Amino acid sequence: MKKAIVIGATSGIGKELANLLAKNNYKVAITGRRSELLEEIRKTNPDAFITKTFDNQEYEKIPEHLDNLVEMLGGLDLLIISSGTGKVSEELDFEIEKNTILTNTLGFTRIADWSMNFFEKQKFGHLVGISSIAGLRGNRYSPAYAATKAFQINYLEGLRHRATYLKLPIYVTDIRPGFIDTAMAQGDKIFWLVPLERGAKLIFNAIKRKKKVAYISKKWVLFAWFMKLLPRWIHHKI
């Protein structure tokens, strides 16, 4: 039985992925800030899930938490960083921006670094990060969110480059969702909105195929190329 950790599994994409992993013969450790939600998931399949409550913003404690989870699991094959935050901040509310940065950069980096060091030591493993299509360009409505997702995209690429250089069977997958039907998808009439269950299945399939980068759904591949090629002066008028 393979072993996995899902960071940020109390709701949304993380929760759906955790359930998919359990259904596919994984022993899964799930984490989050809300103990009661983690316990609700564990009760659905006590043999498949173990839980640990912690906040990614308390990044100095993360290595200890992850070491403990690996000991409880009896190993680790896959780690998914699904935790993340981001709100509209048109007024540049510093508390919103700070909260986003703490979770999406400092917490993310601490988890990613621990994962790579662990996988390098055991000489195999798979790290998955849920970034976002938003990381491709800056965004005036939520500047910290777009910036931190750009950080994640580039950080994951750096770790993938590192694994290739080391010539080890360590895989790094960057999942770049567009809009998936979760609490993070804010607003009315959101285009190309992917139902949560379908989105999780597409992500799980990308993980199984050990994809380097996967857009969820494929429609967003064309959008990504368009955004990358869009001249700055046009982008600033959108």
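1. Let's start with Leu92, which is exposed in this predicted model, its relative accessible area being 57%. Leu92 sits in the loop that runs between β4 (78-81) and α4 (94-122). Its backbone deserves a look too: phi is positive, about 55 degrees, although Leu92 is not a glycine. As background, most residues other than glycine have a negative phi.

2. You will find Asn25 in the loop between α1 (12-23) and β2 (26-32). With a relative accessible area of 49%, Asn25 is classed as partly exposed, because exposed requires over 50%.

3. Next, please turn to the pair of helices α3 (residues 62-73) and α4, whose axes come within 10 Å of each other. The axes cross at roughly 45 degrees, so α3 and α4 are oblique to each other. The crossing of the two helices is right-handed.

4. Which residues make the contact between α3 and α4? From α3 come Ile62, Pro63, Leu66, Asp67 and Val70, while α4 supplies Gly107, Arg110, Ile111, Trp114 and Phe118. Sorted by class, the contact holds seven nonpolar residues, one polar and two charged.

5. Gly135 is worth a visit in the loop between β5 (125-130) and α5 (143-166). Is this glycine buried or exposed? Gly135 is buried, at a relative accessible area of 11%, since the cut-off for that class is under 20%. Setting aside neighbours within four places in sequence, Gly135 is in contact with Ala146, Lys149, Ala150 and Ile153. Thr148 lies 13 residues from Gly135 in sequence, and their C-alpha atoms are 7.2 Å apart.

6. Finally, have a look at Arg176 in strand β6 (residues 170-177). This arginine counts as buried, with 9% relative accessibility. Leaving out residues up to four places away in sequence, Arg176 touches Ser131, Ser132, Ile133 and Leu136, along with Ile153, Val213, Ala214, Tyr215, Ile216 and Lys228. Ile153 links this point with the previous one: Ile153 is among the contacts of Gly135 and also among those of Arg176.

How values were computed. Residues are numbered from 1 along each chain as its sequence is written. This is a predicted model: local features need pLDDT of at least 70, side-chain atom pairs count only at pLDDT 80 or more; totals for chains, interfaces and linings use all residues. Side-chain values use heavy atoms; hydrogens and water are left out. Helices (H or I, at least four residues) and strands (E, at least two) are DSSP runs, numbered from the N terminus. Buried means under 20% relative accessible area, exposed over 50%, partly exposed in between (1.4 Å probe, protein chains only). Contact means heavy atoms within 4.5 Å. Axes are lines fitted to C-alpha atoms, for helices over the stretch in contact, and angles run from 0 to 180 degrees between N-to-C directions. Angles under 35 degrees count as roughly parallel, over 145 as roughly antiparallel, 65 to 115 as roughly perpendicular and the rest as oblique. A crossing is left-handed if the near helix is turned anticlockwise from the far one by less than a right angle, and right-handed if clockwise. Ala, Val, Leu, Ile, Met, Phe, Trp, Tyr, Cys and Pro count as nonpolar, Asp, Glu, Lys and Arg as charged, and the others, Gly among them, as polar.
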